[in-house]
Amino acid sequence: MGTVTAADPHPSFLADKDAKVFVAGHRGLVGSAILRRLLALGFTSVVVRTHAELDLTRQADVEAFFAAERPRYVVLAAAKVGGIHANSTFPADFIAANLQIQTNVVDAALRCGSVRKLLFLGSSCIYPKFAPQPITEGALLTGPLEPTNEWYAIAKIAGIKMCQAYRIQHGLDAVSAMPTNLYGPHDNFHPENSHVLPALIRRFHEAKACNAPEVVVWGSGSPLREFLHVDDLADATIFLMDQYSGLEHVNVGSGSEVTIKELAELVKEVVGFQGKLVWDSTKPDGTPRKLMDSSKIHEMGWKPKVDLKQGLVETYKWYVENVISDMK
Ligand SMILES: NC(=O)C1=CN([C@@H]2O[C@H](COP(=O)(O)OP(=O)(O)OC[C@H]3O[C@@H](n4cnc5c(N)ncnc54)[C@H](OP(=O)(O)O)[C@@H]3O)[C@@H](O)[C@H]2O)C=CC1
Ligand SMILES: C[C@H]1O[C@H](OP(=O)(O)OP(=O)(O)OC[C@H]2O[C@@H](n3cnc4c(=O)[nH]c(N)nc43)[C@H](O)[C@@H]2O)[C@@H](O)[C@@H](O)C1=O
């Protein structure tokens, strides 16, 4: 790691800390964790833009930005993201915004001529609804998708294919990482449009604050989900930027799964809510199970560190100190 050889005249990512790195989506859950990690590692030239400063769906603006900044590395963590309700309610927004953002960024990265490596973030929802478990990278495009998020999934599959095509035709070193369900600081805690874990933190916290007798949780409670703390994902992203250059996407998971019922009980305990749980069976369950096989990245040498209970305690603390205190 970090050496320059005759075969590869370029330093590795981690040996190139003064190079310009563009982190797209730096205020989101994932982008903010990657930014924190890069700064902690001593990267000196990280370029960021808020959505208001640079709308990545606008091709001409994205091209002008890349031409002016000429980054050497790009991490694409900007996307239209949401939980099961947002995905099924706004399918047009999810497919259009994601196709536009990723197409503009990957293409501009090639055209500006300065980009040595780009990492695209997809999601475990790219896999078929009933893929054999644990899901290997090879399960891509082997069966029908989960209907609640198929538009988002199609955009993410197109992102993987875009990176592959640009690698094959133009030699762009574009790689793709497929994270499992993530959580941590700077998550979206919206009551309807967020993912399950931040939604439950908020709902249990508000129920505790007003002494409500019960909390409503969506679906049957039986679906299984694999959760990974976003600091682990940030670590894996930087690991892949440094160590991986290949056509196939790479799964990034924790390897352990819980039912939504077990998750709800855990959040209830961490928040300290004393009432009972009520299940709203009018809400969809989504994919029954999506445990990823992450042996490819494990064999390369990366392992997750944060256990779910510890990560939940820290995320709840962050929520109380940052989101709740900001509302006061
Ligand atoms: N959260 C999860 O559980 C998972 C996430 N991922 C992937 O990780 C990546 C990041 O997700 P996450 O951090 O959770 O998402 P967030 O919603 O937390 O953050 C997304 C970021 O992208 C920015 N953004 C969105 N649209 C645009 C745009 N048109 N122009 C510029 N910036 C834009 C947002 O800015 P603003 O808020 O101002 O619009 C925000 O900063 C995505 O690719 C997602 O698919 C994969 C698996 C699981
Ligand atoms: C990461 C992944 O995330 C999305 O898929 P998902 O895993 O189904 O995401 P989710 O977190 O929204 O739900 C997980 C489970 O939890 C249940 N559930 C209970 N109560 C609440 C609740 O209050 N909110 C939410 N959102 N879900 C709830 C919910 O019914 C479901 O059974 C994709 O759309 C896509 O964005 C994607 O890639």
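Strand 6 (181-183) and strand 8 (residues 224-229) pair in the parallel sense, with three bridges between them. The model is a predicted one, in which local features need pLDDT of at least 70 and side-chain atom pairs count only at pLDDT 80 or more, while totals for chains, interfaces and linings use all residues. Residues are numbered from 1 along each chain as its sequence is written, and chains are lettered from A and ligands numbered from 1 in the order in which they are written.

Across the pair, Asn181 sits opposite Phe227 in strand 8. The two strands belong to an open sheet of three strands, ordered 6-8-10, with mixed pairing. Strand 6 and strand 10 (257-259) form its edges with a single partner strand each, so one side of each has no neighbour in the sheet. On average, neighbouring strands of this sheet are turned by 45° against each other, direction ignored. Helix 8 (residues 260-271) packs on the sheet and touches strand 8 and strand 10, its direction making about 90° with that of strand 10. For angles such as this one, axes are lines fitted to C-alpha atoms, for helices over the stretch in contact, and the values run from 0 to 180 degrees between N-to-C directions. Contact means that the C-beta atoms of two residues, placed from the backbone, lie within 7 Å.

Helix 8 also packs against helix 6 (196-209), at an angle of about 45° and with the axes 9 Å apart. That makes helix 6 oblique to helix 8, given that angles under 35 degrees count as roughly parallel, over 145 as roughly antiparallel, 65 to 115 as roughly perpendicular and the rest as oblique. The crossing is right-handed, meaning that the near helix is turned clockwise from the far one by less than a right angle. Helix 6 brings Val196, Leu197, Leu200, Ile201, Phe204, His205 and Lys208 to the contact, and helix 8 brings Ile260, Leu263, Ala264, Val267, Lys268 and Val271. By class, that comes to ten nonpolar, one polar and two charged residues; Ala, Val, Leu, Ile, Met, Phe, Trp, Tyr, Cys and Pro count as nonpolar, Asp, Glu, Lys and Arg as charged, and the others, Gly among them, as polar.

Helix 6 turns up again around ligand 2, where helix 3 (84-89), helix 6 and strand 7 (214-218) each supply at least two residues of the shell. The shell holds 27 residues, and the closest are Gly83, His195, Val196, Trp218 and Gly286. A residue is taken as near a molecule if its C-beta atom, placed from the backbone, lies within 6 Å of it. Eleven of the shell residues are nonpolar, 13 polar and three charged.

The other sheet is open too, with six strands in the order 2-1-3-4-5-9 and parallel pairing. Strand 2 (45-47) and strand 9 (250-252) are at its edges, each pairing on one side only, and the twist averages 20° from one strand to the next. Within it, four bridges link strand 4 (residues 117-121) to strand 5 (residues 174-179) in parallel, with Phe120 opposite Ser176 in strand 5. Helix 5 packs on this sheet, touching strand 4 and strand 5, and its direction makes about 160° with that of strand 5. Helix 7 (residues 230-243) lies across strand 3 (73-76), strand 4, strand 5 and strand 9, at about 155° to strand 5.

Helix 4 (91-112), helix 1 (29-41) and strand 6 each supply at least two residues of the shell around ligand 1, with helix 1 giving the most, three residues. This shell has 24 residues, the closest being Gly25, Gly28, Val30, His51 and Ala79. Twelve are nonpolar, nine polar and three charged.

Conventions. Two strands pair if DSSP finds at least two bridges between them.
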